[in-house]
Amino acid sequence: MNIRLNRRGFIQGGLAASAAATVSLAGTTQAATFEGYPDSMGVLVDLSRCVGCRSCEAACNQEQHLPAPEKPFNDFSVFDEMLHGQKRRTDETRYTVVNRYEIPGREHPLYRKIQCNHCQEPACLTSCFVNAYTKTPEGAVIYNPDVCVGCRTCMVACPFYIPTFRYSSAFHPRIMKCVFCYDTRLTKGRPPACVESCPQEALTFGRRTDLLDMARQRIRENPGAYENHIYGEHEAGGTAWMYISPAPFAQVGFDTTVPKEPILNYVKDFLSIVPMVLTIWPALFAGFHLLAKRKETREQQTKNEGEV
Amino acid sequence: MNIFSKSTPEIPIATPCKPDGSVWSIKEKLWLGLSRQQYQDQFLRNPVNWLLIAIFAIGVPLILQRYFAGLGSITHASDDYPWGLFLGFGLFGMVPLSASGFLLGTTVEIFGRKDFIPIERLALLNGLLGYFFAVVYLEIDLGMPWRLYYPMFVSLGPAAVLFLVAWHVATYLSVQVAEVSTAYFEWIGWLKGKRFIKSIAVGLTISGIILSTLHQGALGALFTYAPTKIHPLWISTNFQWVHFFCSAIFAGLSMVIVASTLCKNFLTWRCDRRFLDSVDELTLGLGKGCAYALITYLVIKVVGIAHDNDWAHLLTGWGKYFLLEMALAVILPMVLFAYGVKHQKVNMVRWAALISVLGIVWNRLNTSMICFNWQLYREIPHWKEVWVTVTIFALYFIVYRFILYRLPILYQWQGDK
């Protein structure tokens with residue numbers, strides 16, 4: 001892994017250097033990697049505070065005008081629901097879901113809320129071939145159903161299994177996913193509905209940089225109470241929604257294999273060969289053609305000479 | 001009627017003029033010179049057509065169901081498995097099998113191997129139809145099929161791999177239409193058009209190579225968006241595009257062998273002596289190419305495992321499945337190709353080609369469905385999804401056969417060329 005990263009870093013550095021050298025007029029050089037908008041907002045989820053009341057689910061349902069659920073939001077039997085051996089996940093009727101996890105050695109279960117993590121460099125956005133996704137300076141990853149073709153690559157690309165598709169509709173299918181309450185709240189400086197509804201202050205809304213400080217402070221000031229890791233600080237290149245947990249993250253349903261760099265980095269190898277193939281192939285194969293033709297004409301000539 | 005029996009040697013309508021000197025009309029050419037009754041009789045006599053009718057009788061209503069009740073009504077595609085059989089087979093499986101067009105184009109036009117000319121048009125047609133039907137499968141699978149052109153004209157996301165796939169498939173389709181159009185121009189008797197295409201053949205072929213390299217690779221690169229979801233043995237993010245490109249080479253060549261074998265045996269009346277006399281030798285030539293591509297592919301697969309240090313995975317159940325795929329879909333056809341070519345055993349090469357065609361489809365299904373979400377659960381396609389996939393394939397078969405019956409693909413057009 002390290003070798004590969006170093007090499008990529010080397011290549012990027014080299015490219016940046018040569019770009020800087022050639023475009024000497026450019027006043028500032030662009031950073032090779034995007035580290036997120038400086039003042040973007042985020043949410044810190046403290047799993048030690050969540051009691052699984054599902055108020056956030058209810059608030060989201062109302063705020064986003066989603067269809068009424070099969071079971072009411074005060075029905076806690078949903079925590080036992082399993083489909084294909086998996087706990088509940090987001091789908092076309094719910095942007096956020098809380099699941100319960102029994103942790104061996106712990107008296108009380110832990111609850112984990114899932115929703116779009118609003119990545120700094122979102123895989124859904126970078127994989128979309130019609131630019132249906134936008135990462136706003138406020139930190140939200142929003143979706144435009146008017147240009148979406150319904151190819152569902154974003155769902156394949158999302159390492160957190162968040163975007164869902166309205167498979168039930170023939171004429172108005174679309175991607176359904178949490179948008180951070182962008183148009184109704186975030187643009188007005190207000191926290192998303194789920195955060196506002198949380199009675200336990202398990203969710204904290206704020207600038208992402210401030211939230212990171214707060215998370216570190218909580219971990220530092222409560223020795224032994226938290227895992228020394230902020231999930232989302234680096235996962236998938238960093239996310240706006242971040243988690244701290246008293247139990248190992250893998251035991252609370254987090255995918256700990258999600259890379260610590262943007263998903264796009266895995267695609268760059270291919271993207272970088274595209275211009276090379278476009279420019280080198282014509283010369284190469286025209287060359288082969290000329291070589292083959294030369295041999296042919298030579299043979300023709302010798303044949304003709306032989307006849308004479 | 002007699003034209004559909006193997007016993008009569010003459011090829012129907014291979015010339016612009018009838019035996020009595022008058023010109024065949026397009027309508028007569030379309031009906032193969034038969035009366036409506038005769039055509040109907042030969043159609044109903046063929047048991048394959050009855051099978052096709054049975055497939056369509058159920059498949060067409062299912063397709064209508066998809067368009068009026070939504071994708072969810074006929075597939076098991078889900079939020080965890082966004083891509084099912086339509087893309088797993090129709091796009092990821094059909095496209096490598098259609099690499100034949102650019103491969104034979106390169107062999108003949110660029111490398112100057114004129115001895116492959118008798119089979120070149122079959123390979124070009126195979127490529128064109130494979131791509132076209134990959135798009136048809138896409139139109140079944142896309143959520144909003146009526147927005148197919150959006151990535152071209154409405155909202156562009158040029159940094160996405162799928163953007164490259166879309167543009168390359170679209171441009172390559174046009175290139176292939178141009179390449180195959182020479183046969184069509186001969187058939188309708190518009191020689192000016194044919195001469196024009198001939199004059200730009202080298203350019204067309206080179207653009208075909210570029211576009212093929214990039215989007216065969218791009219189909220592999222699409223999976224690099226899901227580095228954690230696909231089992232590490234089936235994804236090597238640095239090399240995925242080369243793996244897909246290299247495997248498309250033997251897949252495309254094998255598909256030409258399979259198609260030419262079918263034509264030789266079941267469409268003999270449409271083949272001329274030039275095709276029938278050279279097909280065995282050309283099969284050996286193509287088989288040689290397959291063997292080279294397969295050994296290369298095997299080595300770069302091992303390089304991929306070594307580079308990502310995935311050796312430990314080989315000892316797991318997934319590893320055994322991977323080794324099974326390598327043994328049956330790569331090493332077995334490779335050995336058969338090599339042995340068959342060395343000892344001039346044409347039928348062995350043909351079996352090897354069939355195995356490698358099925359093997360590549362298996363590999364693509366493994367990558368896109370079976371080993372996708374390897375840490376979650378397996379998705380079993382809905383029977384309706386399977387049926388619609390078969391229906392589209394049947395349509396592909398019908399169009400393929402329709403064109404082979406008529407255009408000078410397997411035979412040379414007599415008269416002015």
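Predicted model: local features only at pLDDT ≥ 70, side-chain atom pairs only at ≥ 80, totals over all residues.
A residue counts as buried here if 20 or more other C-beta atoms lie within 10 Å of its own.

The secondary structure of chain A consists of seven helices and nine strands. Of its 308 residues, 39% are buried. Among contacts between residues at least 6 apart in the sequence of chain A, 62% join residues at least 24 apart.

In strand β1(A), six of the six residues are buried, so the strand is largely enclosed by the rest of the structure. Burial applies to both faces of β1(A): A:M41, A:V43 and A:V45 are buried on one side, and A:G42, A:L44 and A:D46 on the other.

The neighbours of this strand can be described next. In general, the strands of a sheet pair through backbone hydrogen bonds, in either a parallel or an antiparallel manner. In chain A, three strands form an open sheet in the order β8-β1-β9, with mixed pairing. The edge strands, each of which pairs on one side only, are β8 (203-207) and β9 (241-244) of chain A. From one strand to the next, the twist averages 25°.

Strand β1 (residues 41-46) of chain A pairs with β8(A) in the antiparallel sense, over five bridges. By contrast, β1(A) and β9(A) run parallel and are joined by four bridges. Residue A:V45 illustrates both pairings: its bridge partner in β8(A) is A:L203, and in β9(A) it stands opposite A:Y243. Helix α6 (residues 208-221) of chain A lies across β1, β8 and β9 of chain A and runs at about 130° to β8(A).

## Chain B, a helical chain

Chain B contains 16 helices and zero strands. Its radius of gyration is 22 Å, close to the 22 Å that the globule rule gives for 417 residues, so chain B is as compact as a globular protein of that length. Along the principal axes, the C-alpha atoms of chain B fill a box of roughly 75 × 55 × 40 Å.

| Chain | Secondary structure | Length | Buried |
|---|---|---|---|
| Chain A | seven helices, nine strands | 308 residues | 39% |
| Chain B | 16 helices, zero strands | 417 residues | 47% |

In chain B, residues 24 or more positions apart account for 79% of the contacts with a separation of 6 or more.

A pair of helices shows how elements of chain B pack. Two packed helices are described by the angle between their axes and the distance between the axes. The axes of helix α14 (residues 317-342) of chain B and helix α15 (residues 346-370) of chain B come within 8 Å and cross at roughly 160°. Since angles over 145 degrees count as roughly antiparallel, α14(B) is therefore roughly antiparallel to α15(B). The crossing of α14(B) past α15(B) is left-handed. Residues of α14(B) that meet α15(B) include B:L328, B:L332, B:L336 and B:F337, while those on the α15(B) side include B:W351, B:I355, B:G359 and B:W362.

## Where the chains meet

Contact between the chains involves 50 residues of chain B and 52 residues of chain A. On the side of chain B that touches chain A, at least two residues come from each of α3 (47-69), α8 (150-153), α9 (161-188) and α11 (201-222) of chain B. Helix α11(B) gives the most to this side, with nine residues.

Note on methods:
Residues numbered from 1 in each chain as written. Chains lettered and ligands numbered in written order. Rg over C-alpha atoms; globule rule 2.2 N^0.38 Å. Buried ≥ 20, exposed ≤ 12 C-beta atoms within 10 Å, placed from the backbone. Contact = placed C-beta atoms within 7 Å. Pairing = 2+ DSSP bridges. Axes fitted to C-alpha atoms, helices over the stretch in contact; angles between N-to-C directions. Parallel < 35°, antiparallel > 145°, perpendicular 65-115°, else oblique. Left-handed = near helix turned anticlockwise from the far one by under 90°.
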